[in-house]
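Thanks for asking me to look this one over. Here are my notes, point by point, to read with the structure open beside you.

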Amino acid sequence: MERFKDIFNDHGAVMLIIDAGNGAIFYANPAAEKFYGWSVEKLQTMKIQDINILPQEEIFAEMEKASREGRRFFEFRHRLVDGSIRDVEVFSSRFRLEGREYLHSIIHDMTERTEATEALRESEEKFRRIVESSPVAQYFYHLEEDERLVLVGANPAADRIIGISHKSLIGKTIEEAFPLLAQTEVPDMYRAVARGELGSQSFEIPYSDKRFTGFYEVEVFQTGARGIAVDFTDISERKRTEANLQTMQKLESLGVLAGGIAHDFNNLLTGIYGYIDLASMEPRLETIREYLARTSATIERARALTQQLLTFAKGGGPIQKVQPLFPFVRETVEFALSGSNVSCDYEIENGLWDCNFDRNQIAQVMENLIINAQQAMPLGGKVWVEAKNSPVSKKGASLLEKGDYVRISVRDQGIGIPLELQGRIFDPFFTTKEKGHGLGLAISYSIISKHGGCLELESAPGKGSVFHIYLPAAHELPESTQGLRSSEGHYGQGTVLVMDDEEVIRESLRGMLSAMGYDVVCVKNGQEAVAYIEEALKTDQLPVFLLFDLTIPGGMGAKEALEKIRLLCAAIPGHPNLPAFVSSGYAEDPVMRNPADYGFRVSLPKPFRRQELMELLQKQLGTLGS
C-alpha cells in the first residue's frame, strides 16, 4: 500500500480516488491540491459532489456507468477553491479495496482547449456571416493532389454577381466551371497561390454578356494548405465613373488647348494679313519680296501649330528627316522665350551628331520644356540648354537601347519638383499648375518615344529641374545634302495627274508644276482619276507621275484610286509602273507613315512649300525629259 501511495503522490496528473457508493474522496494526490486549491487533507474530507457542478443525481448516474463498465471517459466542469470553473476531462477506472468499490479518476484540465475550440467556432461563425453577407463575390477552391483546382464553396453574392448558381459548380475544376478562364493564365496563377509560390494577387479582368460590358476587380489569397479564396468585385460603375471623369478632363483640356491655339492662330493671321496688306501697297519689288518672305515664315509657324494639334488629337506619327539639331533648336528656344523675363545660355558640343527627326514635333517638345521652365521661375531667371553626343554602351535605367544618341538637356533655376510627384509628371492630365492642362509633358514624352529616344527628369525641391532628351543619332548624310540644294531647280516634261478635293490646292499645284515644265491635269476625286487613266491607256498617253490627296470627303481617296489604277495598268503587258506620291494633312495615317506598303513612292505632308515639292521630285525622278 505504501508503494502504491508513493506512485500516486509522485504522479504529475491530478488524481482522485472516489468511493463509488457515496462519492466521498478517499484519497487525493499533491497535484490535485495544486489544481483545486484545497489541501490534500481538506479534499479527503469532501465529496465529488462538492467539486462537480452537475446535479447530484447526474453525478451518481455517471459514476454508476463507470462502475458497471469498468472504465469510462467523462467531460465535466469542476469548481476550484476560488470559485472559478474549469472544464475537465476525466478518465475513471473501477477497482476494489477491502471489499468496497472505488473509482480511480485521472483529471485533465481542458479549459484552454475548450476556450480555443469555442473561439474557433465563434470565429468560423463570424467568418461565415461575413462571407454570406459580403457584397463581394467569393469563391473557395482546394488544390487536389493531382493539381486539379476544385470549387468547394461560394457565398450568395457570387451567385448574384456572376449569375451562376455555385451549387451547380461544387466539385468542378476551375476549367470546367469557367471555360473562358481556361483559355487564360489565371488557373495557373491560382494554383501557384494555392501552393504558396505566389502571395496574394490582385488584378482586373474585363467581362461581357448580353446585357453589358464591365470589369471585375479580383483578389486571390491563400486560405490554408492548398486552399485559396477568390474575391470578385464588380467595378463596372467605378470604371464608367472614371471614364466619364476622364472625358470631362479631356474636354476641359481640349478647351484650354483650343483656346491657346486659337489665340496663337489669331496672332499669326494678324501678322499674315498685315504683311500681305503692306506688300499690296508697296511699289518696290524688293520690299514686296521681303514682306512675302515674312508672310511665309509666319505661315511656317502656323503649320507648326497644326502639327501640335494633330499630335494631341491622334498621336501624330513623326515625319522624320536626317538633319542637324542646331541652329534649329536654338531658334525654337529663342522664339519660346521671346518677350519673357527668362534668358538662356547654350553649351553645344562641337561635331554634334545629326538626328532623324520631325522638326515640328521636336519644336513642340522644346517649347513645352521652355514653357515649363518659365512657369517654374515666375520672377524670372535663366535656362541652360546643353547638347552633347551621348553613346550608350548597354541598356541601363533609362531603358535606352545600345547605340549613339544626342542628349539635349534643359535646366532651370525653378522651385523643383517634389520626389513624390516625379513619377507622375508624364501622366496625361496630371498637373500641379492652377491653369495647366497636364498635356505638355505627356505629349513630349510620347513624341520622344516615337522617335526611338526617351525623356528623363532630374529634380530636387529648391534646386531646379533638368529634363534630358535622348534622340538616336543618324550617321548618314543629312537629306538636305543628298537631294536638291536651294539654288537648284527641278524641271520636267509630260503630263502630271493631280487629285485633290480643294480647288485652291489644285490651282496652286497647277501653278507650281506648270512652272517646272509639266502639263497638269487636275481632278477632284478618285473616280475622276481612274476614269482619266482608263482613257489615257487607250491612247498610251499616261502621266509621268501621280500626286494624290489621301482623303477625299465623300469620295474615293488616294489608296483606293491607286489600287484600281494599278489593276488597270497591270492588264497591259510590259506597261511601266507609274510613280505615285501621296499627300495629306493627316501625318499619322498608316499610308503617310509607310507609303511604300500601299504602292506609293513617298508621302508629302501638308502643308508643303514649292521648294519641298521640287526637292521631292528631283530626288525621286531626277530631271525628266532633259
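1. Accessible areas here come from the Shrake-Rupley method with a 1.4 Å probe. On that basis the protein chain exposes about 34300 Å², and carbon and sulfur atoms supply 52% of this area. Please keep in mind that this is a predicted model.

2. Now the overall make-up. The protein chain has 626 residues, of which 42% are buried. There are 21 helices and 22 strands in the chain.

3. Which residues have the most contacts inside the largest nonpolar core? They are Leu325, Val383, Ile408 and Ile469, in a core of 38 residues. Helix H13 (residues 359-376) gives the most to this core, contributing seven residues. Another core, of 26 residues, lies apart from it and includes Leu143, Ala158, Tyr190 and Val193.

4. Leaving out residues up to four places away in sequence, isoleucine 408 touches Leu325, Val329, Met366, Val385, Glu386, Ala387, Phe467, His468 and Ile469.

5. Next, a sheet. Five strands form an open sheet in the order E12-E14-E15-E17-E16, and the pairing is mixed. Strand E12 (342-348) and strand E16 (454-459) each have a single partner strand, so one side of each is left without a neighbour in the sheet. On average, neighbouring strands of this sheet are turned by 20 degrees against each other, direction ignored.

6. In general, strands of a sheet pair through backbone hydrogen bonds, either parallel or antiparallel. E16 and strand E17 (residues 465-472) run antiparallel and are joined by six bridges. Leucine 457, for instance, has phenylalanine 467 in E17 as its bridge partner. Phe467 is also one of the residues that isoleucine 408 touches.

7. Which strands does helix H12 (residues 328-337) lie across? The helix lies across E12, strand E14 (381-392) and strand E15 (403-411), and runs at about 170 degrees to E12.

8. Finally, a loop residue. Threonine 45 is found between helix H3 (40-43) and helix H4 (56-69). Is threonine 45 buried or exposed? Its relative accessibility is 60%, and the cut-off for exposed is over 50%, so threonine 45 counts as exposed. A polar atom of the threonine 45 side chain lies 2.6 Å from the backbone oxygen of lysine 42. The C-alpha atoms of threonine 45 and tyrosine 27 are separated by 9.3 Å, with the two residues 18 residues apart along the chain.

Definitions and conventions
Residues are numbered from 1 along each chain as its sequence is written. This is a predicted model: local features need pLDDT of at least 70, side-chain atom pairs count only at pLDDT 80 or more; totals for chains, interfaces and linings use all residues. Side-chain values use heavy atoms; hydrogens and water are left out. Helices (H or I, at least four residues) and strands (E, at least two) are DSSP runs, numbered from the N terminus. Buried means under 20% relative accessible area, exposed over 50%, partly exposed in between (1.4 Å probe, protein chains only). A polar contact is a pair of N or O atoms within 3.5 Å; within protein, one must be able to donate a hydrogen and the other to accept it, and residues adjacent in sequence count only if both atoms are side-chain atoms. A nonpolar core is a set of buried Ala, Val, Leu, Ile, Met, Phe, Trp, Tyr and Cys residues joined through side-chain atoms within 4.5 Å. Contact means heavy atoms within 4.5 Å. Two strands pair if DSSP finds at least two bridges between them. Axes are lines fitted to C-alpha atoms, for helices over the stretch in contact, and angles run from 0 to 180 degrees between N-to-C directions.
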